[in-house]
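This report describes selected features of one protein model, arranged by topic. Please consult the sequence and the structure below while reading.

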Amino acid sequence: MNIEKYDLVVIGSGPAGQKAAVQAAKAGQKVALIEKTRELGGSCVHRGTIPSKTLRENALRVRNMRMSAALANYELAEDIELVTLIDRLGEVLDAHDHYMRKQMERSNIELIHARARFISNTQLELTRVRGEKTLFEATNFVIATGSLPRQPDNIAIDHEHLLDSDSILSMLYLPKSLVVLGGGVIASEYASIFQALGVKVTMIDKYPSPLGFLDDDLTKTFTEGFNNLGGTWMGNTVVTSADWNGFDAVITRCDDGREVRSEKLLCAAGRIANVNDLHIENAGLSLNERGLITVNENLQTTVSNIYAAGDVIGPPSLASASMEQGRRAACNALGMETGKMHNIIPAGIYSIPELSSVGLSETQARQQHGDILVGIAKFDEIARGQISGIQDGMLKIVCAPDGCKLLGVMIVGEGATELIHIGQMALLSEQDVDIFVDTIFNFPTLAEAYRVAALDIINQRKYKFI
Ligand SMILES: Cc1cc2nc3c(=O)[nH]c(=O)nc-3n(C[C@H](O)[C@H](O)[C@H](O)COP(=O)(O)OP(=O)(O)OC[C@H]3O[C@@H](n4cnc5c(N)ncnc54)[C@H](O)[C@@H]3O)c2cc1C
């Protein structure tokens, strides 16, 4: 069998793999990118970020119509097909695919649609669509094969009635009712999106509140918003089993004896590394106890010529972070300088209402710095919030005990995932909270909330240091 030789082979064409391949090609290396599916872009494009956010846009439209007095009783047609609610997705995917293929071509990256598996730490066997096999040899590899939904043993996922975060958008029709298992980001996003579309959603999780890594006041605003949409949150509840009754409902049984009936169920119980076909053991690698590939600060695995990036190495498991990890993994493999990776990465949660945070939360800041100051601005007290009728928005600035140093920003409400970048830039450039008061913002905007929250801190500072 012929052996093809490369400087770097990247496995997986999601955000991490794409950026790794482009970075190495720019550095003049001979690069191959291996992708097992027909499409490019990974789960970010086909099953995760882009499809869920496309559905969310329509959910917001439906919610906003219901909020208008004249259309308060607006309902979607019964038996509406899900595909009509993600109608723009095809165009978005085609544009993305076209752009990516052009970029690969321009960069002279060899793009191969094949399933990769390691033979050793320097050789891969590729199986193409028609079954033909090729051997690839490379000096370095980047594994960027992403993640798969975790499937708990007691949940009988059949991808028809009980679905996971990869199969949920394959439903033909919008169901009348949905149980969502989990309280993390994906669970909270889908639960609130489907509830806004008029589905009766029940979220069940073992923790007292969803999104437990955020401060209580933010999660409370999310839960209240979800309840106001008509959803039900069942916290402190352990699910013992869930299955299709073979006739008309999914039955979810809880440890306190309660049973919940629903038309469909979404299990969003976390994600694990997708290395099923890869035979990483042949390269001398294994998964850690969390089902992920372990890497050092250079994104290098325990085998020195193999790097890994993106969801396959675990949190933050975001498309944005995966891209930067991919780029850095390639640079490190090629011995190129990358500079220090900033840990000031924003988290965006596209639930309804939307949430975002950067830097330390209030809880983390209290643990690390003690007597911190917190400034709050409610969107309904700001001109733009009043004009837009936003009732459930809030921006919170967390400041060091000196009343000056910015430690973190948290936002709940529409626009949160965009607004957060103002706080991120201030944190990265190590600004004091005063920057938000000394700067003129457009009026009326939600960005003005930064100024109001900073003034709240400056007022407290006056009393603290009298
Ligand atoms: C429902 C949902 C919503 C999300 N929303 C957001 C969001 O709003 N914002 C955000 O930043 N992130 C979001 N994410 C997370 C984001 O999608 C991931 O962090 C990102 O896709 C990870 O990129 P990756 O390159 O590591 O892997 P992936 O995008 O999963 O790509 C991996 C690729 O590797 C290929 N592959 C696997 N095995 C092999 C093999 N043996 N041979 C060849 N190819 C192989 C796969 O086919 C796939 O194309 C969301 C995820 C989900 C599930």
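## Aromatic pairs

F222 and F226 are four residues apart in helix α6 (residues 216-228), so about one helical turn separates them. This is a predicted model, in which local features need pLDDT of at least 70 and side-chain atom pairs count only at pLDDT 80 or more, whereas totals for chains, interfaces and linings use all residues. Residues are numbered from 1 along each chain as its sequence is written, and side-chain values use heavy atoms, with hydrogens and water left out. Helices (H or I, at least four residues) and strands (E, at least two) are DSSP runs numbered from the N terminus.

A search of the whole structure gives five aromatic pairs. Rings of Phe, Tyr and Trp (its six-membered ring) pair if their centres lie within 6.5 Å; planes under 30 degrees apart count as stacked, over 60 as edge-to-face and the rest as tilted. One of the pairs is F118 with F141: the ring centres are 5.3 Å apart and the planes stand at 70 degrees, so this pair is edge-to-face. The pair links distant parts of the chain, since F118 belongs to strand β3 (residues 110-118) and F141 to strand β5 (residues 133-143), 23 residues apart. F118 and F141 are both buried, a term that denotes under 20% relative accessible area, with exposed over 50% and partly exposed in between (1.4 Å probe, protein chains only). The rings of F222 and F226 form a stacked pair, with 6.1 Å from centre to centre and 5 degrees between the planes; these two residues are also buried.

A ring takes part in another kind of contact at Y6, where the charged end of K30 sits over the ring, 4.5 Å from its centre. The criterion is that NZ of Lys or CZ of Arg is within 6 Å of the ring centre and within 35 degrees of the ring normal.

## Strand pairing

Strands of a sheet pair through backbone hydrogen bonds, either parallel or antiparallel. Two strands are taken as paired if DSSP finds at least two bridges between them. Strand β2 (residues 31-35) runs parallel to β3, to which four bridges join it; A32 stands opposite E110 in β3. On the other hand, β3 and strand β4 (residues 123-128) pair in the antiparallel sense over five bridges, and R117 stands opposite E125 in β4.

An open sheet of three strands has the order β11-β12-β13 and antiparallel pairing. Because β11 (239-244) and β13 (259-262) stand at the edges with a single partner strand each, one side of each is left without a neighbour in the sheet. The twist averages 15 degrees from one strand to the next, where axes are lines fitted to C-alpha atoms, for helices over the stretch in contact, and angles run from 0 to 180 degrees between N-to-C directions. Strand β12 (residues 250-254) is joined to β13 by four bridges, and R253 stands opposite E259 in β13.

## The five-stranded sheet

Another open sheet contains five strands in the order β17-β18-β21-β20-β19, with antiparallel pairing. Its edge strands, β17 (347-349) and β19 (373-378), each pair on one side only. The average twist is 10 degrees from one strand to the next. Six bridges join β19 to strand β20 (residues 394-399), and K396 in β20 is the bridge partner of I376.

V409 is located in strand β21 (residues 406-412), and its relative accessibility of 0% means that V409 counts as buried.

## Ligand surroundings

Which residues are closest to the ligand? They are E35, S43, K53, D311 and A319, and 36 residues surround the ligand in total (a heavy atom within 4 Å makes a residue near). An oxygen atom of the ligand lies 2.8 Å from a side-chain N or O atom of K53, and one lies 3.2 Å from a side-chain N or O atom of T49. L318 places a backbone N or O atom 3.3 Å from an oxygen atom of the ligand.

## Backbone exceptions

Most residues other than glycine have a negative phi, and most peptide bonds are trans. The bond from I352 to P353 is cis, with omega near 5 degrees; P353 is in the loop between β17 and β18 (355-359). The bond from F443 to P444 is also cis, with omega near -5 degrees, and P444 lies in the loop between α11 (435-438) and α12 (448-464).

L211 has a positive phi near 50 degrees and belongs to the loop between β9 (200-204) and α6. With 1% relative accessibility, L211 counts as buried. H279, likewise not a glycine, has a positive phi of about 50 degrees and is partly exposed, with a relative accessible area of 30%.

Note on methods: A polar contact is a pair of N or O atoms within 3.5 Å; within protein, one must be able to donate a hydrogen and the other to accept it, and residues adjacent in sequence count only if both atoms are side-chain atoms.
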